[in-house]
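User: I am new to this structure and would like to learn how to read some of its features. Can we take them one at a time?

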Amino acid sequence: MGADRPCARTVRIRVPATSANLGSGFDTVGLALDYHDEIVFTRSDDPADTGVKVIIEGEGEDTLPRDETHLVVSAFRKACQVFGLPRFGFLMTARNRIPQARGLGSSAEAIVAGISAAAAFAHPGGFSRDAVFDLAAQIEGHPDNVAPAVYGGLTVSYDLITDEGVGSLPIAGGTPLTTGFHSLRYQVDPAIRATVFVPDFRLSTQKARQALPDRVPYADAIHNLSRVALIPGALNPSGMADMGSGQFDGQGNLAARANALLFAATQDRLHQPYRAGLMPPATDLIGLFRRHGYAAAVSGAGPCVIVLHYGDASEDLKTLAKGELESGHWQVLQLDVDRNGVQVESDEEGDLIGS
């Protein structure tokens with residue numbers, strides 16, 4: 001259901017950075033981070049104006065296009081068609097903080113921002129996260145970065161494919177499941193933090209995917225299954241009724257047990273070993289942290305490095321990476337988890353409508 005005209009003059013969008021995979025959760029797991037891009041769409045008053053003017057501040061201001069080929073703009077135009085809006089002119093002002101092509105979900109952020117803005121112009125007060133996710137996942141092609149950008153927190157996504165045919169799958173006693181992309185959101189303990197090391201070089205997702213093999217050893221697949229199953233519990237250790245047996249037998253403090261579980265959950269054999277040669281500095285940094293017991297992994301396709309930890313470990317991490325940081329090639333971000341996902345504000349609503 002759409003609208004035949006824009007119902008707002010100005011729409012403001014705030015989208016978090018995201019980190020996908022988290023080691024073992026290749027193409028399925030994503031985490032929203034408290035680091036945001038903010039974009040303002042201002043509709044033109046001239047009905048004859050159907051063009052776009054783009055202003056960019058911050059990340060990408062010297063490299064990103066300022067026309068219809070900008071990813072936010074193209075996603076916005078596509079979503080407007082889906083939501084039944086006619087083409088109209090607008091000014092888009094982007095204040096970017098998320099690094100481009102570094103593994104922090106910049107393309108997913110752009111797609112989610114464009115679709116969310118179109119939804120706000122089409123449906124005042126009726127912004128649907130599920131509708132934004134559905135279209136964003138289709139455009140992006142995989143949901144691991146899109147889901148946390150939309151919903152916030154920790155998400156696990158999947159593509160429901162059945163042998164029963166295209167459409168929906170009947171579930172006994174419940175609403176039929178539609179085929180396509182779906183996502184579940186998990187709680188994250190407030191004490192969980194992420195330290196992200198951002199390099200001054202980039203890596204294209206396409207090149208990173210080309211490095212992956214067509215098949216992996218059966219034992220490696222089983223290894224990652226066991227590790228990815230740990231991620232929801234590792235990111236919410238205080239919510240677990242029992243930390244298990246052995247080294248998690250209740251001895252020691254929660255932080256130590258949580259960090260040990262994070263370390264195990266981020267072990268990976270499916271993608272990082274095959275991509276290591278594309279980003280030697282990041283690979284070396286991950287190895288350094290993991291030798292000291294920290295849950296370090298490639299963020300997304302890289303080359304950012306994310307270290308997940310229970311409590312504040314920033315000073316220890318910076319001390320361990322002192323040599324790398326002194327090179328001047330790395331920036332350090334100490335981030336909390338974003339629990340809100342995309343936030344949308346319309347001038348005709350006066351408050352956030354993406355709850």
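User: Which residue is the bridge partner of V54 in strand 4?

Analyst: Strands pair when at least two bridges are found between them. In this predicted model, V54 has M92 of strand 4 as its bridge partner. Strand 3 (residues 52-58) and strand 4 (residues 90-96) run parallel and are joined by seven bridges. Between these strands the chain passes through helix 1 (residues 71-82), and this β-α-β crossover is left-handed.

User: What is phi in N21, and is N21 buried or exposed?

Analyst: Most residues other than glycine have a negative phi. N21 is not a glycine, yet its phi is positive, about 80°. N21 belongs to strand 1 (residues 10-21) and is buried, with a relative accessible area of 2%. D27, in strand 2, also has a positive phi, near 65°. D27 is partly exposed, at 23% relative accessible area.

User: Which residues does a cis peptide bond join?

Analyst: Most peptide bonds are trans. The bond between G302 and P303 is cis, with omega about 5°. P303 lies in the loop between strand 10 (295-298) and strand 11 (305-310).

Note on methods:
Residues are numbered from 1 along each chain as its sequence is written. This is a predicted model: local features need pLDDT of at least 70, side-chain atom pairs count only at pLDDT 80 or more; totals for chains, interfaces and linings use all residues. Side-chain values use heavy atoms; hydrogens and water are left out. Helices (H or I, at least four residues) and strands (E, at least two) are DSSP runs, numbered from the N terminus. A crossover is right-handed if, with the strands pointing away from the viewer, the path from the first strand over the helix to the second runs clockwise. Buried means under 20% relative accessible area, exposed over 50%, partly exposed in between (1.4 Å probe, protein chains only).
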